[in-house]
Amino acid sequence: MILVVDSGSTKADWALIHTPQNITYTHTMGFNPYFHSAEKINAELSKKTFTEFVPLNAVKEIFYYGAGCPDEAYRSIIKSGLQLTFPNAIISVEHDLLGAARATCGKSPGIAGILGTGSNSCAYDGANIVDNVTALGHVLGDDGGGVHLGKLILQAHFYRELPTDLEKKFNQDYPEGNDAIIHRIYGDGQNVHIAHFAQFLIRNKEHSYSKKLIQQAFREFAQRHIKKYENWQKLPINLVGSIAEILKDDLQEVFQSEGLNLGRIVRKPIENLVHYHLN
């Protein structure tokens, strides 16, 4: 049996390949070595809800693409957790950015990006990542992703910049009050908690103020990331992630204004990655 995994910081999609004609799918929480230890990964995957789906000892090979895996030091944390869980498997751990490129570009050159909880981008030559603007994570970066959108709406709320009608909706949606919100977003899992507030912008995306914030975030992603790659004017920009898919109309509008060629948008790359590895 072979496992193909695509893991963001919030959730992970798993494909269990019994045969090329028999593939089953499930999902778990996402894993990020910035926040999760090997022991935490093993504990989560040892739960009955997962082991009933995946016979741990029968898995022979794993292709894992994950958030927070830019180098060997972080990949080794994920690999150790998977090795504890799947003792008989040969394990390959790669950055989720390579997964995004393989899922959207296949074996053709292009620019690939992620717009989910966080964000990232790369230039891809059809086989490997050849350039990558440094992703600064939820503290300094994640331009255009859910964390960025969440920050923008939280800043507008706390700095009293929201229009009256949106402010009223915000207080109705989050009646716990400002102190509780602050305690939550400065606790554990900050990136996930902040990104949660992007849903408010999505629910109110037709409002002119929401639209302004959404397009501001996408414009920063285009200018700070995509336009730094060679031949960005000519190459398709292929994206994965829920933010890219849900807000594709605003994304298209911004990209057109920036002279970018928006290519494929794939919300969940797992099926494309299965196809990649089967071929």
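This report walks through a predicted protein model, from its overall build down to a few residues and charged pairs.

## Ground rules

Because this is a predicted model, local features need pLDDT of at least 70 and side-chain atom pairs count only at pLDDT 80 or more, while totals for chains, interfaces and linings use all residues. Residues are numbered from 1 along each chain as its sequence is written, and side-chain values use heavy atoms, with hydrogens and water left out.

## The whole protein

Let's start with the big picture. The protein has 14 helices and ten strands; these are DSSP runs, numbered from the N terminus, where a helix (H or I) needs at least four residues and a strand (E) at least two. Along the principal axes, the C-alpha atoms fill a box of roughly 60 × 45 × 35 Å. The radius of gyration is 19 Å, which agrees with the value near 19 Å that a compact globule of 279 residues would have. That radius is taken over C-alpha atoms, and the globule rule is 2.2 Å times the number of residues to the power 0.38.

How much of the protein is buried? Buried residues make up 49% of the 279. Here, buried means under 20% relative accessible area, exposed means over 50%, and partly exposed is in between (1.4 Å probe, protein chains only). The protein exposes about 13100 Å², and carbon and sulfur atoms supply 49% of that area. These areas come from the Shrake-Rupley method with a 1.4 Å probe; for residues, only the protein chains shown count as cover. As for contacts (heavy atoms within 4.5 Å), take those with a separation of 6 or more: 66% of them are between residues 24 or more positions apart.

## A buried tyrosine

Now zoom in on tyrosine 64, which is found in strand E4 (residues 61-66). It counts as buried because its relative accessible area is 1%. Leaving aside neighbours within four places in sequence, tyrosine 64 is in contact with several residues, including Val5, Phe31, Ile78 and Leu82. Leucine 3 is 61 residues away from tyrosine 64 in sequence, yet their C-alpha atoms are 7.9 Å apart in space.

Next come the charges. The protein has 27 positive and 30 negative side chains, and the centres of the two sets lie 2 Å apart. Lys and Arg count as positive and Asp and Glu as negative, while His and the chain ends are not counted. The place of a charge is taken as NZ of Lys, CZ of Arg, CG of Asp or CD of Glu. A salt bridge is a side-chain nitrogen of Lys or Arg within 4 Å of a carboxyl oxygen of Asp or Glu.

Aspartate 6, in strand E1 (residues 2-7), is buried yet has no salt bridge; lysine 268, the nearest side chain of opposite charge, is 8.6 Å away. Not counting residues up to four places away in sequence, aspartate 6 touches Lys11 and Tyr65, among others. Glutamate 167, in helix H7 (residues 164-173), is also buried with no salt bridge, and the nearest opposite charge is on arginine 160, 8.0 Å away. Arginine 160 itself is found in the loop between helix H6 (146-158) and H7. It counts as exposed because its relative accessible area is 80%, and it has a positive phi of about 60° although it is not a glycine.

## Charges that do pair up

Side chains of opposite charge can pair when their charged atoms come close. How many salt bridges are there? The count comes to 14. One of them joins arginine 203 and aspartate 173, with the closest N and O atoms 3.0 Å apart. Arginine 203 lies in helix H10 (residues 198-203) and aspartate 173 in helix H7, so this pair ties together parts that are 30 residues apart in sequence. Arginine 203 is partly exposed at 48%, and aspartate 173 is partly exposed at 36%.

Glutamate 253 forms another salt bridge, with lysine 211, at 3.7 Å between the closest N and O atoms. Glutamate 253 sits in helix H13 (residues 248-257) and lysine 211 in helix H11, so the link spans parts that are 42 residues apart in sequence. Finally, salt bridges that share partners join Lys40, Glu44 and Lys47 into one network.
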